[in-house]
Amino acid sequence: MTQATQADVRPNVRVVLFGLMIAMMLAMLDNMIVSTALPRITFEFGDAGHFTWIVTAYILGTTVSTPIWGKLGDLYGRKTVFLTSVVVFLVGSALCGMAGSAMFGGVDKGMIELIAFRAVQGLGAGGLMVGVMAIIGDLVPPRERGRYQGMIAGIMAIAMVAGPLVGGFITDNLSWRWAFYVNLPLGGIALIVLITTMHLPKYRTEHRIDWLGAGLLSVGITAAVLITTWGGNEYDWVSPQIFGLAALALVTLVAFGLVERRAPEPILPLGLFANRNFALISVIGFLLGFAMFGAMNFLPLYQQTVQGASATNSGLLLLPLMFGMLVVSLVIGRAITKNGKYRAYPIVGGVVMAGGMALLSMLDLNTSKLTSSLYMVVLGVGMGFLMQTSMLIAQNSVEQKDLGAASGAATFFRSIGGSFGVSLFGAIFAHRLADSAAGKALSGGEGEMDLEKLKDLSAQVREVVLGGLADAISHVFLWAVLFTVVIPVLAWFIKEIPLRTANEAPPQATPEEEAEVALGKAPVA
């Protein structure tokens with residue numbers, strides 16, 4: 001068993017939080033900055049066929065490593081493991097910036113090198129995201145945790161807007177390599193602050209790393225992510241490659257479940273899912289990621305095509321969404337700290353988020369920027385109710401020794417949901433657009449859409465094409481409503497367990513509740 005002894009020194013949480021916020025900013029900003037630089041990278045390396053792997057490799061690294069970093073933090077202590085993940089991320093960033101240089105053999109192999117180094121960077125990023133949440137869980141009791149996690153949610157909102165702006169500036173005024181080098185000074189500051197100020201509980205552990213479980217989980221997740229990445233793009237959904245990946249994912253994940261049942265220190269303790277709140281919030285996190293990341297990818301597309309915004313300005317047009325999310329996250333965090341109640345927030349958040357998706361499904365060719373901004377505020381408010389409340393409920397449902405595994409699982413389900421959402425909504429969008437006049441006018445061959453053709457169309461034809469694009473995008477948001485309406489239904493069954501005022505074990509089930517579980521009448525709460 002893992003035992004923890006609290007350190008006598010009470011850390012300055014605000015100073016530590018500054019370092020943690022920088023680390024979270026690194027993980028959130030990176031993908032958005034790099035997305036802006038992708039056209040310049042593709043032009044230099046001349047390998048357009050593999051440029052999507054620059055993003056896919058990072059997603060794979062992040063998704064695969066998240067639960068593993070969380071469990072390692074439980075075993076070895078979170079400070080050492082978290083600082084290691086920061087170093088891995090910074091090394092990956094430096095290597096990405098040097099890809100295709102003379103040091104590694106020149107431009108000819110640049111794309112392959114960049115893809116490999118992005119995977120390394122993603123491995124570190126997985127530790128950054130889960131580590132921040134778990135460390136806050138170590139430093140702050142659940143009753144006070146909402147306030148600090150609300151600040152982290154605010155950083156996430158700022159990063160989603162700042163990413164395209166910073167990426168656009170770097171791409172226009174510096175080399176694309178600075179999209180990666182910019183991480184180094186920020187990461188250095190975070191390391192110095194955290195090394196000198198962060199004092200966490202000391203852990204004495206008798207550990208045996210579950211390497212077999214980690215390997216099976218990595219293979220299964222990789223296969224699942226590749227299905228969502230390649231399906232409908234590189235390969236048909238009914239192709240042998242996709243069926244093969246599906247079989248591999250199924251076999252390895254079933255094997256993972258069997259291994260975890262017997263492992264002394266499982267990477268993902270399956271017993272956590274016997275807890276009703278944890279199981280519900282895991283599904284809610286999956287649906288939240290599915291709807292949020294999947295549908296939100298289409299807002300910049302709508303703004304840049306139908307509303308005529310530039311790539312950089314589309315980041316500014318997302319400000320209403322981020323403002324709604326930021327304000328509500330901060331207010332809800334303080335409210336939870338004050339009264340200790342949280343059950344109502346995911347219910348309200350699910351309803352408001354579904355309403356925001358429904359409003360966005362009304363976007364068309366004539367929707368003004370003011371109207372679309374108001375729709376985004378509603379969506380942002382719903383997200384603000386859900387983002388950090390879901391993590392707080394997951395952490396409050398488990399013992400302190402499983403905090404890292406719980407944080408990793410919550411982050412993992414949200415991430416994998418986002419990956420599936422991007423794939424499914426992309427397929428819905430492409431199918432809706434394919435047979436329309438817009439799809440035929442923008443066809444670039446091999447089923448791809450070439451937006452550059454918009455410039456060459458006459459005003460009359462261009463209006464028809466933009467109308468078709470708006471229709472396909474609004475159709476995506478309509479489908480997103482179907483997933484978001486499930487969130488408040490599931491949240492209704494969350495049990496209001498009092499937030500602990502110290503980092504101690506959560507309340508145990510009463511004998512009556514244990515009897516109900518044994519009889520199959522109710523899950524453990």
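Author: Buried means under 20% relative accessible area, exposed means over 50%, and partly exposed is in between, using a 1.4 Å probe and protein chains only. This is a predicted model, in which local features need pLDDT of at least 70 and side-chain atom pairs count only at pLDDT 80 or more, while totals for chains, interfaces and linings use all residues. Residues are numbered from 1 along each chain as its sequence is written, and side-chain values use heavy atoms, leaving out hydrogens and water.

Side chains of opposite charge can pair when their charged atoms come close. With a salt bridge taken as a side-chain nitrogen of Lys or Arg within 4 Å of a carboxyl oxygen of Asp or Glu, the count is one salt bridge. Its partners are Asp 471 and Arg 432, at 2.9 Å from N to O. Asp 471 sits in helix 18 (residues 459-484) and Arg 432 in helix 16 (residues 403-434), so the pair links parts of the chain 39 residues apart; helices here are DSSP runs of H or I, at least four residues, numbered from the N terminus. Asp 471 is partly exposed at 34%, and Arg 432 is partly exposed at 37%.

Ser 282, in helix 10 (residues 276-296), is buried, with 4% relative accessible area. Leaving aside residues up to four places away in sequence, Ser 282 touches Phe 273 and Phe 413, where contact means heavy atoms within 4.5 Å.

Phe 273 also belongs to an aromatic pair with Phe 278, which is edge-to-face, with 5.3 Å between centres and 70° between planes. Rings of Phe, Tyr and Trp (its six-membered ring) pair if their centres lie within 6.5 Å; planes under 30 degrees apart are stacked, over 60 edge-to-face, and the rest tilted. Phe 273 is partly exposed at 28%, whereas Phe 278 is buried at 0%. The whole structure has eight aromatic pairs, and ring pairs join Phe 286, Phe 290, Phe 425 and Phe 483 into a cluster.

The confidence score, pLDDT, runs from 0 to 100 for each residue. The protein chain averages 76, and 75% of the residues score at least 70. Over residues 1-11 pLDDT stays under 50, and the model has 25 contacts beyond four places in sequence for them. Residues 505-525 also stay under 50, with 24 such contacts. Where pLDDT is low, the predicted coordinates should not be read in detail.

Key. Helices (H or I, at least four residues) and strands (E, at least two) are DSSP runs, numbered from the N terminus. pLDDT is the predictor's confidence in each residue, from 0 to 100.
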